[in-house]
Amino acid sequence: ILCDTSDLLWVCSNVGLFQYNTRNNKLTQIITSPAQPNDNIYTSLKDKEGGIWIGTFFQGAYYLSPKARQIECYTAENTAGGLKGSAISSFCEDKDGKIYIGSENGGLAKYDPHSGRIQQIELPIKTDNILALKIYGGYLWVGSYSFTDPLIRLDLKTHKAEIFPEFSKCTYHIEEYQKGVLMLVNRSGISFIDLTTEEPEE
């Protein structure tokens, strides 16, 4: 569930995308694609411009423009391979409005709102299954479905990646727990990483 305004909620489900108006209790289905009206909606993000990013399971990414209220679709076919994955698992926005897109079958990509282009970001890991994204401290933290490369830290300026193999469990979600500490939801439960020591804590 994504809060758009005080009155509107976006509801992601396995039978499509819905908009719920809390004022009149009206639930409306949003057709993201005429060919796939009941898309399995996996994740969502509201960007700084007020647009809504929608991640689907094997149908790519959709963007609902806040101005035109039209839906744009991004797939491997119409982005010249910039977006390799079709099962979109996560979104994350940096301070410049760039959108990072994680997928379960195509790794990591980045959307530049100024050029309107999506480009693939190559990571030095053995899997294309990206599950979690979090920007913190000038880095993009990436969680993957991997026992060898479960947590990656990507420098947003240089795109240099560092792997934290000590977190030998698949990382499903990353969130700030408190200042300087990230909380990781993984296969075995919850772990923490203190960024001052970069050591794991259970």
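1. Ground rules. Helices (H or I, at least four residues) and strands (E, at least two) are DSSP runs, numbered from the N terminus. This is a predicted model, where local features need pLDDT of at least 70, side-chain atom pairs count only at pLDDT 80 or more, and totals for chains, interfaces and linings use all residues. Residues are numbered from 1 along each chain as its sequence is written, and side-chain values use heavy atoms, with hydrogens and water left out.

2. Pro165. You'll find this proline in the loop between β16 (161-163) and β17 (171-178). Its relative accessibility is 46%, so Pro165 counts as partly exposed (buried is under 20% relative accessible area, exposed over 50%, partly exposed in between, with a 1.4 Å probe and protein chains only). Leaving aside residues up to four places away in sequence, Pro165 touches Thr148 and Pro150; contact here means heavy atoms within 4.5 Å. As for Gly107, it sits 58 residues from Pro165 in sequence and 18 Å away in space, C-alpha to C-alpha.

3. Thr171. Thr171 is in strand β17 and is buried, with a relative accessible area of 1%. A polar atom of the Thr171 side chain lies 2.9 Å from the backbone oxygen of Pro150. That falls under the polar contact rule: a pair of N or O atoms within 3.5 Å, where within protein one must be able to donate a hydrogen and the other to accept it, and residues adjacent in sequence count only if both atoms are side-chain atoms.

4. Four strands make an open antiparallel sheet, in the order β1-β2-β3-β4. Its edges are β1 (2-3) and β4 (26-30), each of which pairs on one side only. Two strands pair if DSSP finds at least two bridges between them, and β1 has 2 bridges to β2 (residues 8-13), in the antiparallel sense. In that pairing Cys3 stands opposite Leu9 in β2.

5. Two positive phi values. Which way are these residues' surfaces turned, buried or exposed? Asn25, in the loop between β3 (16-21) and β4, is exposed at 55% relative accessible area. Its phi is near 60°, positive in a residue other than glycine. Phe58 also has a positive phi, near 80°, again in a residue other than glycine. Phe58 belongs to the loop between β6 (52-56) and β7 (61-64), and at 45% relative accessible area it is partly exposed.

6. The cores. A nonpolar core is a set of buried Ala, Val, Leu, Ile, Met, Phe, Trp, Tyr and Cys residues joined through side-chain atoms within 4.5 Å. The largest has 13 residues, and Trp53, Tyr74, Leu83, Phe91 and Ile101 have the most contacts inside it. Elements giving two or more residues to this core are β7, β9 (88-93), β10 (99-103) and β11 (107-112). Apart from it lies another core, of 12 residues, with Leu108, Leu123, Ile152 and Leu154 among them.

7. Aromatics. Rings of Phe, Tyr and Trp (its six-membered ring) pair if their centres lie within 6.5 Å; planes under 30 degrees apart count as stacked, over 60 as edge-to-face and the rest as tilted. The count comes to 10 aromatic pairs. One of them is Trp53 with Tyr74, stacked at 5.7 Å centre to centre and 25° between the planes. Trp53 lies in β6 and Tyr74 in β8 (residues 71-74), so this pair ties together parts 21 residues apart in sequence. Trp53 is buried at 1% relative accessible area, and Tyr74 is buried at 9%. Ring pairs also link Trp53, Tyr63, Tyr74, Phe91 and Tyr111 into a cluster.

8. A charge over a ring. The charged end of Arg153 sits over the ring of Tyr139, 4.5 Å from its centre. The rule asks for NZ of Lys or CZ of Arg within 6 Å of the ring centre and within 35 degrees of the ring normal.

9. Thr43. This residue of strand β5 (residues 41-46) is buried, with 15% relative accessible area. Its contacts, not counting residues up to four places away in sequence, include Trp53 and Phe91, along with Cys12, Ile54 and Ile88.
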